Amino acid sequence: MALLEVEGIGVRFGGVVALDGLSFSIEEHEICALIGPNGAGKTTFFNVVSRLYEPTEGSIRFAGQDLLSLPAHAIAGLGVARTFQNLALVPGLTVLENVMIGAHARTSGGFWGSALGLPVRSAERRTRDDAMGLLGDLGLAAVANRPAAGLPYGTLKRIELARALAARPRLLMLDEPASGLTHAEVAELGATIQRLRDEFELTVLLVEHHMGMVMSISEHVVVMEFGQKIADGTPGEVADDPAVIAAYLGAAS
Amino acid sequence: MSTRLRWALFGVLLVVAAALPQFVDAGTVNRLSEVLWVAVAALGLALVTGFNGQISLGHGAFVGFGAYVTMILTVDYNVPFALAGVIAVLGAFVVGVAVGLPALRITGVYLALVTLGLAVLFPQLVVRIGDITGGTVGRQLLPRPGYGDSALLEELGQRKFLGQAGFRAPGWSGLADDQWRFYVFAVVALVAFLLVRNLTRSRIGRSLVAIRDNETAAEVAGVRVDRTKVITFGLSAAIAAVGGWMFAVLNNQVSPTSFTITLSITLLVAAVLGGAASIVGPLIGATVVVMLREVIPADSQRFSQVVFGIVLIVVMLVAPGGIVGIYKRVEASVQRRRSLASTPGPPDPSGPDESAVPARTQEA
């Protein structure tokens, strides 16, 4: 059974059709790339899965469960974590605390327990150790106690990745993880994504413009244009698809 | 600041607080008690505004609510002070939640305006229901004239109906009323500050800051944004009402002029000046604010509002983190200099764009 099953998703903003009957599915443990020109609706789709946008039609099932019946805050608990294209870090917290925020959904401790302090302390330490481990894993241990503002862009992107991992997701959605990185960093990122997939038994959904990385690490590529799916298959199949070539290079007709 | 140094300073503060009332006159002890109630009320405001980013210009109303409920319960219903305080604080939580619910729909400047309305409304409302509040002149927390023989009341007050004779030091303590009051306030304030400190350093505390800085990021991480904001508003109102209870106990007199917009602004100044997103900030801010009020002569009290306004503007422009923020900046720069001096410095994991600042939100 597929981990994520997307069925006829449509999103309209007023008269603008952002997503139009989008359907595809992602198998467990695969790295799937969602590509397409700017404005194709890739980030819109991420926001639908995050329940930030309400689709006008269609259904999404995650591990067999109706994802659209859940509120936005329950998605992380379901096992879906994401990063943001333009970063969504919390500048008022340290790097470590930003990563700990990622574990919010799978930890407990409400207002009263937290205020009284005692019963949650060991859970808090576990969350901290776990976040520290992730930071170390991604080469960020040195900045753990720095504020999450004012660090280099590539570092901030990796902090977001660590935060998403802290949720221990089954599905990790990465929105343009390679943007703004140097060539060397992109190659390293590709290897990191593959390694994390194996280490954390993840399924990865990737929105990316960096074709070199997409083609080298994904097993499955979905191509979008104007809110619709125009191709779906292995990297090799998709690269030879005339519709994809037309979308990227302009139609020859 | 190292943890050990922090606890050491905390210990010193406790010892000073415990010793001080023994060496100064009653007037000064009452000033210290005033610092404590302002600090607790400002702490409530700091929780919702500093940590959670919900701007409130109306917290004076919650202080007033706490003070009035305490007065009415103790004077009209013979409720002991402690119980009256508990009821006032629980009531304020409910009122705070009721105010916090519509606050979910409005943020930033609009929320500031709505809470400002609350601050303006409160004294008017109190005057409207003058039968129980005493109207514009207010009421005292002392036995009502004609209620009975005052000597008898005095005795009753110390045994059973504490509320009927003001907040008095129990005989066994050997303390004067003002000293006893200060110690009770100190314990109440200590508990309030410790609870808020624990809260802000927990999973919930992180989610409060995450909501303040990036609501989307918080929600995607699994934070129940609406619920958290409403509870925080309620808690903040409840803490402000603790300050209100302290006000009533200290002044033995509650009147609408004490809870005008001026009080809300004073609390904001105390919170912001000390450092609204910090725990000791409100205490430092309250100390400065009460001291400022002292040095301004009584016949030009209106002048104090001008001073507070100027202080608020200057702090926002020069040091948005308040006094605690200034301290943290100095500490960070000292540490950076020290680490640069001692080690060659590890290679910073850096991207191509050193000047890039994090965008706060994701786009459509």
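Trainee: In what order do the four strands of the open sheet in chain A lie?

Mentor: Strands of a sheet pair through backbone hydrogen bonds, either parallel or antiparallel. In chain A the order is β2-β1-β4-β5, with antiparallel pairing; two strands pair if DSSP finds at least two bridges between them. Strands (E, at least two residues) and helices (H or I, at least four) are DSSP runs, numbered from the N terminus. The model is predicted: local features need pLDDT of at least 70, side-chain atom pairs count only at pLDDT 80 or more, and totals for chains, interfaces and linings use all residues. Residues are numbered from 1 along each chain as its sequence is written, chains are lettered from A and ligands numbered from 1 in the order written, and side-chain values use heavy atoms, without hydrogens and water.

Trainee: Which strands stand at the edges?

Mentor: β2 (16–26) and β5 (65–66) of chain A do; each has a single partner strand, so one side of each lacks a neighbour in the sheet. Two bridges join β4 (residues 57–62) of chain A to β5(A), and F62(A) stands opposite Q65(A).

Trainee: How are α8 and α11 of chain B arranged?

Mentor: Two packed helices are described by the angle between their axes and the distance between the axes. The axes of α8 (residues 177–200) and α11 (residues 225–251) of chain B come within 11 Å and cross at roughly 170°. Therefore α8(B) is roughly antiparallel to α11(B) (an angle over 145 degrees).

Trainee: Is Q85(A) buried or exposed?

Mentor: Q85(A) is buried, at 17% relative accessibility (buried means under 20% relative accessible area, exposed over 50%, partly exposed in between, with a 1.4 Å probe and protein chains only).

Technical notes: Axes are lines fitted to C-alpha atoms, for helices over the stretch in contact, and angles run from 0 to 180 degrees between N-to-C directions. Angles under 35 degrees count as roughly parallel, over 145 as roughly antiparallel, 65 to 115 as roughly perpendicular and the rest as oblique.
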